[in-house]
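Thanks for coming. I will go through one structure, starting with a helix pair, then the cores, then a few backbone details.

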Amino acid sequence: MREVPLLVSSCLAGVPCRYNGKAKTDPQIAEAVASGAAIAACAEVLGDLPTPRPPAEILGGDGNDVLEGHAKVLAINGEDLTQAFISGAQKVADLAAENGITEAILQDRSPSCGCGAIYDGSHSGTLVEGDGVLAALLKRCGLSVSTRRGQ
């Protein structure tokens, strides 16, 4: 077992917390959480968003732009979820700091967890380069962040 646990997206660990109320389980991630080698967290749930919830995307940039106040996280119905995403990301970053975590494996393409590629804010399925809010914040905190696409 690793001395310092990994941080992983809850949906990858099998928790049905995604916007559609489902999980994107990755069996290796689920096993790592079960064995204590990883800690699962969902920034959107920790930001007090309900499950299920309308899908959301970042409009006007990526997670770094959201953190700097230059972009917003909007639900498909137009609701501004920016503060919930920032609040949840900060709670996850605090959890990582409290546990000495230096590495995170997050769900790809997510407006929270995406790393390297996220949806463009048009809700059309178009991907652009960039990080989600949580991924951007964790990188700013010095964590190594990578993504996986669960099933």
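First, a definition: angles under 35 degrees count as roughly parallel, over 145 as roughly antiparallel, 65 to 115 as roughly perpendicular, and the rest as oblique. What you see is a predicted model, in which local features need pLDDT of at least 70 and side-chain atom pairs count only at pLDDT 80 or more, while totals for chains, interfaces and linings use all residues. Residues are numbered from 1 along each chain as its sequence is written, and side-chain values use heavy atoms, with hydrogens and water left out.

The helix pair, then. Helices are DSSP runs of H or I with at least four residues, strands are E runs of at least two, and both are numbered from the N terminus. Helix α4 (residues 82-98) and helix α5 (residues 133-140) have axes that come within 9 Å and cross at roughly 40°. Axes here are lines fitted to C-alpha atoms, for helices over the stretch in contact, and angles run from 0 to 180 degrees between N-to-C directions. α4 and α5 are therefore oblique to each other.

Which residues make the contact? From α4 they are Phe85, Ile86, Ala89, Gln90, Val92 and Ala93, and from α5 Val133, Leu134, Leu137 and Leu138; contact means heavy atoms within 4.5 Å.

Next, the cores. A nonpolar core is a set of buried Ala, Val, Leu, Ile, Met, Phe, Trp, Tyr and Cys residues joined through side-chain atoms within 4.5 Å. Buried means under 20% relative accessible area, exposed over 50%, and partly exposed in between, with a 1.4 Å probe and protein chains only. The largest such core has 30 residues, and Leu7, Val73, Leu106, Leu134, Leu138 and Val145 have the most contacts inside it. At least two residues each come from β3 (56-59), β4 (72-75), α4, β5 (103-107) and α5. α4 gives the largest share, six residues. Setting aside neighbours within four places in sequence, Val145 touches Ala104, Leu106, Cys115, Ala135, Leu138 and Lys139. There is also a second, separate core of nine residues, including Leu6 and Ile29.

Last, the backbone. The loop between α2 (43-46) and β3 holds Pro52, and the peptide bond from Thr51 to Pro52 is cis, with omega near -5°. Asp48 sits in the loop between α2 and β3, has a positive phi near 70° though not a glycine, and is exposed at 65% relative accessible area. His123, in the loop between β6 (117-119) and β7 (127-129), has phi near 55°, again positive in a residue other than glycine. At 24% relative accessibility, His123 is partly exposed.
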